Amino acid sequence: MNPINEVHVSEPGLVVVDVAAADDTTALAFQQLLADRWATSPAQHTTRVAGEPGVRLRCYLDLRQPLDS
C-alpha cells in the first residue's frame with residue numbers, strides 16, 4: 001500500500017484503517033461495518049500483494065461524526 005498521506009491524519013478524529021483479510025467478501029464486509037457507524041471514504045476494491053496471503057484494503061474514517069443510534 002501507498003504511504004499514508006498527512007492530510008488523512010491531520011486532525012484528531014481522522015483515522016486511516018488498513019485491513020488484511022482472507023478474501024474480498026470479508027474485507028468489504030468489515031469496511032461496511034465501519035461505514036455503518038462513521039463517515040467513511042470506502043475503498044472500491046481490494047488489492048493483492050504477490051507472495052502474501054489474502055487481500056488488503058484501506059479506508060478513511062472521520063470519528064468526529066456522531067454515532068448513529
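Biologist: How do I read the share of contacts that link residues 24 or more positions apart?

Modeller: Start with the term: contact means heavy atoms within 4.5 Å. Here, of the contacts in the chain with a separation of 6 or more, 58% join residues 24 or more positions apart. This is a predicted model, where local features need pLDDT of at least 70 and side-chain atom pairs count only at pLDDT 80 or more, while totals for chains, interfaces and linings use all residues. Numbering runs from 1 along each chain as its sequence is written, and side-chain values use heavy atoms, leaving out hydrogens and water.

Biologist: Which pattern does the chain follow along the sequence?

Modeller: Helices (H or I, at least four residues) and strands (E, at least two) are DSSP runs, numbered from the N terminus. This chain has one helix and three strands, following the pattern β-α-β-β.

Biologist: In what order do the strands form the sheet?

Modeller: Two strands pair if DSSP finds at least two bridges between them. The sheet is open, with the order β1-β3-β2 and antiparallel pairing. Its edges are β1 (14–21) and β2 (39–41), each pairing on one side only.

Biologist: Where does helix α1 pack, and at what angle to β3?

Modeller: Axes are lines fitted to C-alpha atoms, for helices over the stretch in contact, and angles run from 0 to 180 degrees between N-to-C directions. Helix α1 (residues 24–35) packs on the sheet and touches β1, β2 and β3, with its direction at about 5° to that of β3.

Biologist: Is aspartate 62 buried or exposed?

Modeller: The classes are buried (under 20% relative accessible area), exposed (over 50%) and partly exposed in between, with a 1.4 Å probe and protein chains only. Aspartate 62 lies in strand β3 and counts as buried because its relative accessibility is 13%. Residues touching aspartate 62 include Gly13, Leu14, Trp38 and Ala39.

Biologist: Which side chain makes a polar contact with that of aspartate 62?

Modeller: A polar contact is a pair of N or O atoms within 3.5 Å; within protein, one must be able to donate a hydrogen and the other to accept it, and residues adjacent in sequence count only if both atoms are side-chain atoms. Arginine 64 is the partner of aspartate 62, at 2.8 Å.

Biologist: And what does threonine 46 touch?

Modeller: Threonine 46 sits in the loop between β2 and β3, and is buried, with a relative accessible area of 16%. Its neighbours include Ala27, Leu28 and Val55, and its side chain makes a polar contact of 2.4 Å with that of aspartate 24.

Methods:
Lists of a residue's contacts leave out its neighbours within four places in sequence.
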